[in-house]
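User: Could you walk me through this one, starting with how the chains meet and then turning to the sheet?

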Amino acid sequence: MSKEMIVCKGISKSFPGANGSTLEVLKDISLSINENEFVVVLGPGQCGKTTLINLIAGLEMPTSGNVTVAGNPITKPNPDIGVVYQKTALFPWLSVQSNVGFGPMMKGMKKDERKKIVQHYIDLVGLTGFEKSYPIKLSGGMRQRVGIARAYCNNPSVLLMDEPFGHLDAQTRYLMQEEVVRIWEADKKTILFVTNNVEEAVYLADRIIVLSNCPTHIVTEFDVTLPRPRDYVSRDFLSLRKTVNDSLERTR
Amino acid sequence: MKKSLKRLISAISIASVLLFWYLITDGLHLFSSYLFPSPVAVFKAFVNKLTVTVPDGGTLFTHLVASLQVALYGYFLGIVIGVPLGILMAWHRKVDLIVKPIFDLIRPIPPVGWIPLMILWVGIGQSAKAMVIFVSAVTPCIVNSYTGIKQTSQVHLWVAQTFGATRRQMLFDVAIPSALPMIFSGLKVSLGASWMALVAAEMLASTKGLGYMIQMNRMVGRADNIIVGMLMIGVVGAILSAILGLVEDRFVKGRHV
């Protein structure tokens with residue numbers, strides 16, 4: 001029996017809206033993610049997904065319910081939980097290697113100590129040769145590689161990924177999906193990956209959790225047992241893709 | 001576009017202005033040479049002013065040094081006080097609440113408006129002018145540092161937090177580096193403002209400096225010397241901001257392709 005890594009129990013989150021009303025974003029979400037499991041949270045709408053990430057990361061507190069990671073209740077951000085964001089999350093004033101080494105630097109690790117592990121993760125994500133480049137010189141896919149390396153470099157046990165490939169062109173997106181599976185297989189973490197793309201979810205996940213639109217709650221779950229590396233156009237892949245797609249709410 | 005081509009275009013642009021200036025003065029004699037001297041006459045006045053102290057009591061160099069000294073003194077004072085103050089106001093809510101109302105009241109007073117009070121307090125020496133320059137330099141420093149820190153991206157702060165950054169690390173490793181381009185543009189505005197305030201202050205109350213030199217030469221009707229002084233102010237101002245540009249390139253990384 002594998003260990004439960006992320007556990008959310010009945011979490012809801014509301015924000016104050018206009019004229020004293022409240023906007024309910026998450027409603028009674030309970031989920032549990034095992035150690036080294038790759039779980040994709042698939043949500044159609046614009047609301048709730050980043051909030052879910054922020055609640056698990058400890059950047060925001062739930063209105064009700066609670067979150068634990070590795071058995072510890074989450075009350076504030078924790079270096080054991082890494083986050084990869086959709087865009088603009090790299091520090092533009094730092095080179096690739098300084099971005100990747102940011103976590104260890106916050107821990108007070110010396111520069112020459114950092115150098116080796118930074119290089120390891122730059123190599124892992126395939127950015128060897130770009131150590132001294134600044135993010136502005138990199139393509140969208142390369143920037144996301146830096147984001148992943150930066151999160152990995154801090155050696156968290158949990159990685160939260162908030163639509164990391166949402167802004168990439170289709171080709172780069174396929175490539176990055178393959179890459180993220182390769183990196184995960186090389187260095188296993190518990191990953192919670194948020195997306196609104198059904199194909200991406202089926203390609204990546206051990207398990208897919210389908211969310212509704214606002215207020216977000218869990219609609220259903222799918223276990224994905226297709227062997228890796230997966231084939232985007234195999235019959236099993238396409239049939240699962242259709243099943244998952246049919247479970248999504250139609251929203252305008 | 002190639003750098004050499006850009007330089008060539010700039011050189012041609014300046015050369016055409018000089019040529020046009022020459023044409024309407026020495027070329028066609030459209031103006032009296034006493035009121036609007038030709039570039040040749042101005043160049044002669046420039047060479048002359050390098051050694052001659054009449055009619056304003058100093059060579060070009062002494063006036064320039066006097067101006068630079070007081071301008072840089074006031075300017076650096078403005079930076080040293082303005083930048084940290086702006087950062088503190090943006091980062092600590094309490095500092096903001098205490099300082100902002102005072103700042104908002106003082107800010108609309110034009111720097112030149114401080115001159116009479118400064119003359120009364122410390123006379124027409126260098127320190128009065130340094131104070132006036134300080135007042136003009138400090139405002140853009142505060143405003144830009146404040147805005148720069150306030151514009152720090154929420155996602156960047158989140159990232160730092162998820163890496164366990166302390167609040168101090170978030171200020172020094174995220175907010176300040178992220179605000180640096182904005183702070184530098186404040187330093188540039190500030191430099192321009194200092195230089196302008198200096199000339200105004202020297203024309204009103206001074207015994208030396210480029211502004212004073214211009215003012216003295218107006219009294220004796222020496223348009224050539226006035227233009228020498230004006231051009232000097234322009235050239236030195238441009239050089240100072242070019243130097244600042246180099247400093248900026250050294251510190252602000254990763255913002256231009």
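Analyst: Buried area here is the accessible area (1.4 Å probe) that two parts lose on being put together, summed over both. This is a predicted model, where local features need pLDDT of at least 70 and side-chain atom pairs count only at pLDDT 80 or more, while totals for chains, interfaces and linings use all residues. Residues are numbered from 1 along each chain as written, chains are lettered from A and ligands numbered from 1 in written order, and side-chain values use heavy atoms, leaving out hydrogens and water.

User: How much area do chain A and chain B bury between them?

Analyst: Carbon and sulfur atoms carry 70% of the buried area. On the chain A side, A:W93, A:M106 and A:I136 lose the most, together 32% of what that side buries. The total for chain A and chain B is about 2100 Å².

User: How many salt bridges does the rule find across the interface of chain A and chain B?

Analyst: The rule wants a side-chain nitrogen of Lys or Arg within 4 Å of a carboxyl oxygen of Asp or Glu. Across the interface of chain A and chain B, the count is zero.

User: Which strands of chain A stand at the edges of the sheet?

Analyst: Strands are DSSP runs (E, at least two residues), numbered from the N terminus, and two of them pair if DSSP finds at least two bridges between them. In chain A, six strands form an open, mixed sheet in the order 6-7-8-3-9-10. The edge strands each have a single partner, so one side of each is left without a neighbour in the sheet: strand 6 and strand 10 (218-223).

Note on methods. Helices (H or I, at least four residues) and strands (E, at least two) are DSSP runs, numbered from the N terminus.
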